[in-house]
Amino acid sequence: MAAYTGRFAPSPTGPLHLGSLVAGLASFLDARAAGGRWLLRIEDLDPPREQPGADDLIMRTLDAHGFEWDDAPLWQHSRLDAYSQALLTLRDAGHVYPCVCARKSFTGVYPGRCRGRTFAETPGPYAVRMRVPEGAAVFDDRFLGPQRMPWTDVGDFIVRRKDTLFAYQLAVVVDDAAAGVTHVIRGNDLLDSTPRQLALFDALREPAPTFGHCATVVHADGAKLSKQTGAAALDNRVAGASLLTALRCLGQDVRELSPDLSPRQLLTEATVRWDPGRVGFARHVSAGGAPVR
Ligand SMILES: [Zn+2]
């Protein structure tokens, strides 16, 4: 197995926008600069939020931007047996418990009300929650340096929803472990997920990958670029320009990169020049790549 395996894992909820390109590009360049593999996974676990055909659209957009992935893409809907198995493992080891609380019955961190419940004595429907350890999650972020997040700020989190859909956190960890992912490079809007995923790697006795969180791209009003905030879809006709903008958002020096290069050539040049030490220059960047706040 390669010493470095990275991945990009978009949800097929709509077309890719600049924010997703930045995260995908960071994971791609970090993997390729290390001579590593780069995998594509479609996170289609939440059908009501998905858009038919968005997975095809995402792959065509990635292709138009010069990305090449190793192996066949993985669709999470094909992995339900693996998630069930992982849930059983967690249950047998006493890491999870059933939770019957309504979402609106508490605000902020889940207070652990159902910690004493057992599966045998709890009629459904219920959500399944992971018991977090004491102390704090500690990890060394590839771009942001040492991180410490107290578990009391995280709280016991859901691994299977009351509607029986598997939670993002569980699916991601099971898939990353199965694919031998060594580096999870993504936007810092997912930084809060990292302690949860570390807890799951630990509970499933899988080695945790290295995590690296790059800047999130925000609109002029500070809101994160997303489908909900009306982020524009990437336009394949200006792929080179979008790649240069995304590189700026990652703190990279693009002065020697010509916009006349093809997307594939741009990625090759950007891989050679990849400087992970510059990625943590800002937590939030504007759609032009300038630091915000
Ligand atoms: Zn509860």
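User: How far apart do the C-alpha centres of domain 1 and domain 2 lie?
Analyst: In this predicted model, the two centres are 26 Å apart.

User: Which residues belong to each domain?
Analyst: Domain 1 covers 5-76 + 177-286, and domain 2 covers 80-168.

User: How many residues does each domain put into the contact?
Analyst: Domain 1 gives 19 residues and domain 2 gives 21 residues.

User: On the domain 1 side, which element supplies the largest share?
Analyst: That is α6, with seven residues. Both α6 and β10 (210-214) supply at least two residues there.

User: And how do the residues on that side divide by type?
Analyst: Twelve are nonpolar, five are polar and two are charged.

User: What does L200 touch, leaving out residues up to four places away in sequence?
Analyst: M130, Q169, L170 and V173.

User: Now the whole chain. How many helices and strands?
Analyst: Eight helices and twelve strands. The radius of gyration is 20 Å, close to the 19 Å from the globule rule for 293 residues, so the chain is as compact as a globular protein of that length.

User: What fraction of the residues is buried?
Analyst: 41% of the 293 residues count as buried.

Methods:
Residues numbered from 1 in each chain as written. Predicted model: local features only at pLDDT ≥ 70, side-chain atom pairs only at ≥ 80, totals over all residues. Helix = DSSP H or I, 4+ residues; strand = E, 2+ residues; numbered from the N terminus. Rg over C-alpha atoms; globule rule 2.2 N^0.38 Å. Buried ≥ 20, exposed ≤ 12 C-beta atoms within 10 Å, placed from the backbone. Contact = placed C-beta atoms within 7 Å. Domains from an automatic or database assignment. Nonpolar A, V, L, I, M, F, W, Y, C, P; charged D, E, K, R; others polar.
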